[in-house]
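Subject: Structure handover

Hello,

Please find the structure below, with notes on what was found in it.

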Amino acid sequence: MYSDKLLKSVLKPGRYSGGEYAQIIKDKNALDARMVFCFPDTYEIGMSNLGVRLLYGVLNTIDRFWCERAYAPWVDMERELRAANEPLRAHESGDPLSVFDIVGFTLQYELCYTNVLNMLELGGIPLMAAQRGEGDPIVLGGGPCAYNAEPVAEFFDVFSIGEGEDALCEFARLYIKMKTDGVYTREKFLREVSHLEGFYVPSLYDVSYNPDGTISAFAPKYPGVPAKITKRIMRDMDKAYYPSKLVMPYIETVHDRVVLEVYRGCIRGCRFCQAGMIFRPVREKSPEVLDCKARELVDASGFDEISLSSLSISDYSKLDELTDRLLSWTNAEQISLSLPSLRVDSFTKELMDKISTVRTGGLTFAPEAGTQRLRDAINKNVCEDDLFRACRVAFEAGKSSVKLYFMQGLPTEQYDDLDGIAKLAKDVIDLYYTVPRELRGRSPQVTVSVSCFIPKPFTPFQWEGQDALEVLCDKQKYLGSKISDKKIRYNWHEAKVSRLEAVFARGNRRLAPALLEAHKRGVRFDSWDEFFDYDKWMEIFGDCGIDPAFYANREFGADEILPWDNIDIGVTKEFLRRERDKAYEHKTTPNCREQCSGCGANRLGGERTPCPKL
Amino acid sequence: MSEAVNTNENVINAENTAQTITENTENTAELLPEGAVRIKFEKRGSLKFISHLDIQRTVKTALRRAKIPVWYSQGFNPHPKMTFALPLSIGTESLCEYIDIRLTRPMERETLIRSLDGALSPEMNVLDAYIPQSKLSEIAWAEYELSSPQLLDAEVAKLSAESIPILKNTKNGEKEVDIAPMIREYKANGDTIRVTLSADSAHYLNPEYVASVLRLTDWTTTRTAVFFADGSEFR
């Protein structure tokens, strides 16, 4: 445990002091193996993450195995740790990260990579996988960024690809078995792990490069090591593990509420969206299973809010049945329901009346693009009429503020698409004034929030180059000049952040020296505005002989070996190519429920899915 | 008595009720009626780093986990009616924290204690629950135990001075305050010192100021008791 003196000297000691209700404590002397699950960002963000809760819970169902938690220390804590020469410790036991058998990191976004290195160092673990010896932990990565983990491949011993509930348990059991059988060595274990479905051991592959920096070959070093790693999925979500208890943070976190995961995957297939592809196929949970779980979790946590979570909640085929079931008891107990993701085409008055966040707060919709042409190109299958209808429902119910999300820099985007964003916002304001005076609330407010397109692996736009930084900034300025109405608020995302994200999203192993150098120069918390330092990063890339444009802005060749080609997400490269071609023809693809487009993800199987069975 | 117990069981429907009753004989059937109830709890170990506000939120969810029928404020965003006694500064443990709540239904005392205690982490223990005969604002003094290997007799002697001026942080910046009248008594013994400090809302003295007078840089503090103005133990 950290000393009182240390904790008294930091701003929020509750981030590190542990002792939460329902944390899992096991007897250290009755264990075969120990793991620490690390979240490379603050405690407040990590404690709100559903994946961490799931995996922490399921791993601790293993007999004689204890999984603890650790979070990135905030800069004040890091300073104190370094000054006192103290290691970073796990939350439950207070033991340093270096004593664990397995140190796992969830990689939720690319800009957390420097925090991973920082946590490893503070935990007393050699940074490079090649430097680790028999006494060091196995460093495991997973989460969305593991689908292209090449930029951090040299820092990890192994990655878990896809959904981890079953996979990580198999991993832990293999570790325990080899240890208790007395046959464990790092090398033998990692080789054995590579035979488990869904595990990628980067050190078992050779990568070679062409003179232009693209990959010329990517191949296993040894026979028996799979050339392609297929992601893992939970086929039957009704049977998948879901926790019955929640570790209750004392300090306020990002989301203090019960999160109910309703289904995985997304039927939509927006062409810029990575989540929409990597989480395929769609697999739903049954309303009765969800209702039962909600009851259990509300009782066990005492939270007074349930959030229904999924990529696009209104696409859940049994949403009515689920909300009716939940409302039959939540209203009486003063528990509110919230939906984080609404689509304009399925937003109705009935739905709005059921959902308390909608009743209390504003509404957020994501048309993503300003013209129908561009919305068709990105396959965001909504039209202006859907948006206007949804806004009318909201305005007639007395709402006056609406938030609209857009993306700029999308492939095929022209300046008239930006004009379209300004026009759409203006039209929503005009629409407000057509609502009868007695129904509408006070003066309308439309917030236009614009982020920058980032080409992501495993999307139809994975080959596209990101707009140059100057172009992105110019487009932001241009759109700003088109919005003059005081009732429209215009927010935009820092383009420099998006560019760095693009570099790492499409990066390869040659980025490792830059990460190492950034770590040495004290870079961390890149996703936090107060620490993000673009110029420093450009300096580092320059010093390491890396051209960021090669990764972020270059159009990748159609036949080029992509850094993530060794991963099979179910969705085929052919499908992604087809979708990209259709984008340039401004042709849409129907959603999975209307018609199967043959993306290939149904190969993986799945229950309660719209996918055709094989 | 057995009749009353049966009624309680119906009302409370707690798993352990039957067991409780067979284990203990006399006090267990004590029924807390609808209305005000005072809960005494201790807060130890890692919980000393949890702020007053966060403890409030913790108790709110714990009351729900424990299914204690507390009165909720009416209105759009209802929240349970809870009044906390003296706030405790971060870093301080306590053996004597108090919260007042209102029950909307009668509840057996032992069940309330057990279920709320079970809904809190092991470092937060519910010690008692009873019908309050006083107001929380009647707390006038609080006793603290400060422990530190740095404790020196020469420094302790300073607490006997006629006046002990310190710089106190207030809303309007730093202000010189004489804390001598706010120290009722103290008793040092080896590495620890017990001090009784003013705790009424107008003259609340944070024990950290005493630690700084004693020139401690590494110490622990525990609130050990609270008192009425006449020096009798608060209840």
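What percentage of the 235 residues of chain B count as buried? The value is 33%, where buried means that 20 or more other C-beta atoms, placed from the backbone, lie within 10 Å of the residue's own.

This is a predicted model, in which local features need pLDDT of at least 70 and side-chain atom pairs count only at pLDDT 80 or more, while totals for chains, interfaces and linings use all residues. Residues are numbered from 1 along each chain as its sequence is written, and chains are lettered from A and ligands numbered from 1 in the order in which they are written.

Chain B has six helices and 12 strands; these are DSSP runs numbered from the N terminus, helices being H or I with at least four residues and strands E with at least two. In chain B, 72% of the contacts with a separation of 6 or more are between residues 24 or more positions apart, a contact being two C-beta atoms, placed from the backbone, within 7 Å.

In chain A, helix H16 (residues 469-482) and helix H17 (residues 495-505) have axes that come within 10 Å and cross at roughly 145°. Axes are lines fitted to C-alpha atoms over the stretch in contact, with angles from 0 to 180 degrees between N-to-C directions. H16(A) contributes A:Leu469, A:Leu472, A:Cys473 and A:Gln476 to the contact, and H17(A) contributes A:Ala495, A:Lys496 and A:Arg499.

The domain assignment, automatic or from a database, gives chain A domain 1 (4-161 + 164-230), domain 2 (235-341 + 567-614) and domain 3 (361-454 + 466-506). The C-alpha centres of domains 1 and 3 of chain A lie 39 Å apart. Their contact takes five residues from domain 1 and four residues from domain 3.

Regards

Methods: Buried ≥ 20, exposed ≤ 12 C-beta atoms within 10 Å, placed from the backbone.
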